[in-house]
Amino acid sequence: VGRHPTPQAGPAPVAGVDRILAVGSGKGGVGKSTVASNLAVALARKGRRVGLLDADIYGPSQPRMMGVSGRPASPDGQTIMPLHAHGVTIMSIGLMVDADKAVVWRGPMLMGALQQMLNQVAWGQLDVLIIDLPPGTGDVQLTLCQRTNVTGAVIVSTPQDVALLDARKAIDMFRTLKTPILGLIENMSTFHCPHCGEETQIFGHGGVAAEAARLELPLLGALPIDIDTRLAGDAGTPVALTDGPVGLAYAALAQRFID
Ligand code: ADP
């Protein structure tokens with residue numbers, strides 16, 4: 001038997017896409033998708049060409065958060081046409097499967113779907129493609145980082161210990177995969193009571209900043225627990241479309257990704 005060198009399938013770029021930004025978290029429910037959609041909108045408002053790929057197979061929430069629906073068209077049976085909202089080009093695993101059905105896929109099917117969303121979607125020319133990852137450290141993260149040229153990952157966490165514990169694992173995974181980690185984002189960091197004006201640290205205070213310092217990573221931004229954020233997300237019109245305090249916080253966060 002001859003010795004054939006097996007070509008190593010190294011990380012490949014996505015055609016037309018300048019930078020790929022992966023948004024991850026250790027735990028679910030910390031606001032990873034909320035941050036991903038608002039960051040996408042905030043970057044688009046700054047004139048960047050932005051794509052948003054929702055790869056959260058366990059709970060694809062971008063169709064709802066960005067206010068898009070309907071199965072994406074495929075005129076030639078190959079190319080998949082993305083959807084558009086708020087200046088962002090969007091594709092979600094949730095648009096490819098029945099909304100009410102659980103995704104129970106084996107690894108290879110999952111990988112196929114991920115590759116399709118990366119390479120068969122007509123993303124066009126993008127300055128940045130934001131990928132909303134599933135929480136944790138599973139197959140999707142692994143395949144994405146091994147096969148695709150991810151420019152960097154950001155980790156969203158609340159200041160709570162249990163969230164930080166899992167965030168640490170996600171960071172460790174990206175480090176093992178040699179994906180650059182751009183920094184941490186603290187979500188639900190404080191609650192400003194609209195009635196009495198008092199600040200309450202519902203999930204604690206300073207946890208993400210301390211963790212970022214410990215890991216020698218930048219804290220890229222801190223977003224409060226905020227009723228408008230939740231309402232806007234549910235309505236499909238992300239709060240980053242507004243110029244209120246949280247909208248401005250997202251504008252500042254977006255600026256961190258612009259050189
Ligand atoms: P994940 O993607 O981490 O699972 P989501 O972005 O889906 O988390 O957020 C979980 C829930 O919390 C959603 O209902 C969302 O609207 C809400 N949420 C997220 N961030 C905030 C925030 N800063 N203030 C208020 N509600 C938030």
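# Strands, core and ligand shell

Visitor: Is M188 buried or exposed?
Guide: Around M188 there are 24 other C-beta atoms within 10 Å. A residue is classed as buried if 20 or more other C-beta atoms lie within 10 Å of its own, as exposed if 12 or fewer, and as partly exposed in between, with C-beta atoms placed from the backbone. By that count, M188 is buried.

Visitor: What kind of model is this, and from which number does each chain start?
Guide: This is a predicted model, in which local features need pLDDT of at least 70 and side-chain atom pairs count only at pLDDT 80 or more, while totals for chains, interfaces and linings use all residues. Residues are numbered along each chain, as its sequence is written, from 1.

Visitor: In which element does M188 lie, and what is its phi near?
Guide: M188 lies in strand 7, where strands (E, at least two residues) and helices (H or I, at least four) are DSSP runs, numbered from the N terminus. Most residues other than glycine have a negative phi. M188, by contrast, has a positive phi, near 60°.

Visitor: Where is H86, and what is its phi near?
Guide: H86 belongs to the loop between strand 3 (83-85) and strand 4, and it counts as buried because 20 C-beta neighbours fall inside 10 Å. H86 is a residue other than glycine with a positive phi, near 50°.

Visitor: Which residues does the UniProt annotation "binding site" cover?
Guide: The annotation comes from an unreviewed UniProt entry; UniProt positions are given in the numbering used here, feature names are shortened, and annotations may be inferred rather than shown by experiment. The residues that this record covers are G26, K27, G28, G29, V30, G31, K32 and S33.

Visitor: Of G29 and V30, which counts as buried?
Guide: G29 is placed in the loop between strand 1 (17-25) and helix 1 (32-45), and V30 is found in that loop too. G29 counts as exposed because it has 12 C-beta neighbours inside 10 Å. With 26 C-beta neighbours inside 10 Å, the residue that counts as buried is V30.

Visitor: Which residues does V30 touch, beyond those up to four places away in sequence?
Guide: Two residues are taken to be in contact if their C-beta atoms, placed from the backbone, lie within 7 Å. Once residues up to four places away in sequence are set aside, V30 touches S25, V156, S157, T158, A163 and N187.

Visitor: Which residues come nearest to the ligand?
Guide: A residue is near a molecule or strand if its C-beta atom, placed from the backbone, lies within 6 Å of it. Of the 17 residues around the ligand, those that come nearest are G31, K32, S33, T34 and R230.

Visitor: Which strands pair with strand 1?
Guide: Strand 1 is largely enclosed by the rest of the structure, because seven of its nine residues are buried. Two strands pair if DSSP finds at least two bridges between them. The parallel partners, joined to strand 1 by six and five bridges respectively, are strand 5 (residues 126-132) and strand 6 (residues 152-157).

Visitor: Which residues of strand 2 point one way, and which the other way?
Guide: Strand 2 (residues 50-54) is largely enclosed by the rest of the structure, because five of its five residues are buried. In a regular strand the side chains alternate between the two faces of the sheet. In strand 2, V50, L52 and D54 point one way, and pointing the other way are G51 and L53.

Visitor: Which residues in the largest nonpolar core touch the most other members?
Guide: A nonpolar core is a set of buried Ala, Val, Leu, Ile, Met, Phe, Trp, Tyr and Cys residues joined through C-beta atoms within 7 Å. The largest one has 71 residues, and its largest share, eight residues, comes from helix 1. Those that touch the most other members are V23, L39, A40, L129, I130 and I131.
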